[in-house]
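Welcome! Let us walk through this structure together, starting with its overall build and ending with two residues that deserve a second look.

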Amino acid sequence: MKPIAAGEPCPLCNQPLAARRLASIAGDEGELRITLRGIPVLQCPVDHTYFTKRRFPVWLHTRLIEVDAPSLAAGVASGLLFKRYACVSCGKRLATGSGGGRRDFGFELAFDEQPFRMELSMPVCVCTGCGTEQARSGEELRNLAPSALVHAFKGAGIKAPG
Ligand SMILES: [Zn+2]
Ligand SMILES: [Zn+2]
């Protein structure tokens, strides 16, 4: 199937597609919420919505896992059955629920030169040893992120183009 573009008929209703931005979509998985503000899409007059390129969701997922998630301070997990988490900065054991509350981390991204924003919202803990604020586990974050993204896309009803 050939990819669709702005001006072409919507595959579902045949009305013309236009290039638009979605103001805000969000998906939750576990304690992670991912919010995307202003992602580029193709939309017809009755709001059938498509990614501008088929590769967009995979591109975003890869970028999140390989670049953005690792850039955040996050505890280091150890233990096979019962996970323990150590401070990324000083190595002291992180107490579960050591209240830093929730925090939003924002990333400015661009796909095909179209800028948009991604926000990760999650609980953070504050190390009692050195005071570093961090996500409990980078591994946990990377495990939750793919499903949170899928929920965001599905919730907004975005389909693959073509
Ligand atoms: Zn349509
Ligand atoms: Zn520490």
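The protein chain contains 2 helices and 11 strands. Here helices (H or I, at least four residues) and strands (E, at least two) are DSSP runs, numbered from the N terminus. If you follow the sequence, these elements come in the order β-β-β-β-β-α-β-β-β-β-β-α-β.

Before going further, a word on the model: it is predicted, so local features need pLDDT of at least 70 and side-chain atom pairs count only at pLDDT 80 or more, while totals for chains, interfaces and linings use all residues. Residues are numbered from 1 along each chain as its sequence is written, and chains are lettered from A and ligands numbered from 1 in the order in which they are written.

Now for the overall dimensions: the C-alpha trace of the protein chain spans about 60 × 30 × 20 Å along its principal axes. The chain has 162 residues, and 26% of them count as buried. A residue is buried if 20 or more other C-beta atoms lie within 10 Å of its own, exposed if 12 or fewer, and partly exposed in between, with C-beta atoms placed from the backbone. Among contacts with a separation of 6 or more, 64% join residues 24 or more positions apart; two residues are in contact if their C-beta atoms, placed from the backbone, lie within 7 Å.

Finally, look at Asn14, in the segment before strand E1 (18-22). Asn14 is not a glycine, yet it has a positive phi of about 70°. Asn14 is exposed, with 9 other C-beta atoms within 10 Å. Asp112 sits in the loop between strand E8 (99-111) and strand E9 (114-126). Although Asp112 is not a glycine, its phi is positive, at about 50°. Asp112 is exposed, because 9 other C-beta atoms lie within 10 Å.
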